[in-house]
Amino acid sequence: MRSALDTNAKVGALLRDLAAVQTSQQSKWGYKRAAAAILDLDEPLESLLQSDGSLRKIPHVGPSSLRVVHEVLQTGRSETVDRAVGGSTKAGEVARSRELRDNFLSSAQVAEVLRFEKRRGVQLKHYRGDLQMHSEYSDGRVSLEQIVEGCLARGYAYCAVTDHSYGLPIAHGVSMSNLEKQHAEIDALNRRYQARFHMLKGIEANILADGTLDMTAAELRTVDVVLAAPHSKLRVVHDQTARMLAAVSLPGVNILAHPRGRKFGTRPGISADWDQVFERAATLGVAVEIDGDPSRQDLDFELAQRALQAGCLFALDSDAHSIEELRYADTAMAHARLAGIPPARIVNCWALNKLRDWLGEAWRR
Ligand SMILES: [Zn+2]
């Protein structure tokens, strides 16, 4: 389904393997940093090859990481990594973490997918606003005004600020009294920006183990956009279909955010009968999210395609915690394009009025 082999993702993953088998903290850190640098490159490694066979310099990538790059470019695999992993006591651990890197795209691959105009499905020009981001009211690092300016710079017409709910103290969840302050601030910003931009009031509510949320219905009614997202029991293997079905069935829920809760190379997230969850979400008109944070990429293009077949709506969001991270929406967009999702099925591509109507419907089911 992918347009080309994602060499950067492959090398990034191999360097993470190499990091995992290091005994010194310093070399562990060095390989991890090199992996991150390569995953974040905006060009494929192939294009950094110079005519004499050497590579153009990549910041944070040292000589021993470069050797792995050369091996992969020449042979498609890395003998250095194979040997290091094979000779270590951590081969089993490495094999398990490899499974946790499936369907993650490198930044270069994201750029390549978005550049390829002929592919059917959504394009950047269709995208009107981002519906998951965090401000200084919870664990984000930016003010609401900075968010408006950052979104305008990306050409958006609207966004939703979705700070964590008070039930998630680890992410500095916003108290109801601070949420009230935030809403007053949003009202003032919307008056100031008028038709140029509209900020929606959102919340990222936490899905508890039984599938209910950590906020009451009355509290949820104070916002325009309710994201329901799992942040616990993301490493357990037992089936959690019932939990996810319960969450999408709650009145007021608009978007099932980062549905699996997976993390690159470290955490599998929830196992569930996703087709059943998607079917329920489609019936109820709840959108499923493609979270574009590079370490999440959740749903990925493969699951997103199954959700598309089930008839789901989608939200493509950055999950940004800074202005710089607003570009993570591109990663979500790339997965959507790989899954072939048309703009009509993506709520971020709708005009604000249509979006608002749909948001309100969540209370009428
Ligand atoms: Zn979250």
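**View 1. Lining of the second largest pocket.** By class, four nonpolar, seven polar and nine charged residues form the lining of the second largest pocket in this predicted model. Here Ala, Val, Leu, Ile, Met, Phe, Trp, Tyr, Cys and Pro count as nonpolar, Asp, Glu, Lys and Arg as charged, and the others, Gly among them, as polar. The volume of this pocket is about 330 Å³. Of the 20 residues that line it, D139, H164, H231, K263 and R296 lie nearest its centre. A pocket is an open set of points on a 1 Å grid over the protein atoms alone where a 1.4 Å probe fits, with protein on both sides within 12 Å along at least five of seven lines; lining residues have an atom within 4 Å of a point. Grid points are joined across faces, edges and corners, and a volume is the space filled by probe spheres set on the points.

Residues are numbered from 1 along each chain as its sequence is written, and side-chain values use heavy atoms, with hydrogens and water left out. Because the model is predicted, local features need pLDDT of at least 70 and side-chain atom pairs count only at pLDDT 80 or more, whereas totals for chains, interfaces and linings use all residues.

**View 2. The largest pocket, between two domains.** The largest pocket has a volume of about 850 Å³. Its lining comprises 36 residues, and A9, A13, L39, F104 and F264 are the closest to its centre. Domain 1 (7-114) and domain 2 (121-361) both contribute to this lining, so the pocket lies between them; the bounds come from an automatic or database domain assignment.

**View 3. Helices and residue classes at the largest pocket.** At least two lining residues come from each of α1 (7-20), α2 (25-39), α6 (107-115) and α13 (328-339). Helix α1 supplies the largest share, six residues. Helices (H or I, at least four residues) and strands (E, at least two) are DSSP runs, numbered from the N terminus. The lining holds 13 nonpolar, eight polar and 15 charged residues.

**View 4. Strand β2 and its parallel partners.** Strand β1 (residues 129-130) runs parallel to β2 and is joined to it by two bridges; strands pair if DSSP finds at least two bridges between them. Y158 in β2 is the bridge partner of G129. β2 and β3 (residues 198-207) are also parallel, with seven bridges, and H198 in β3 is the bridge partner of Y158.
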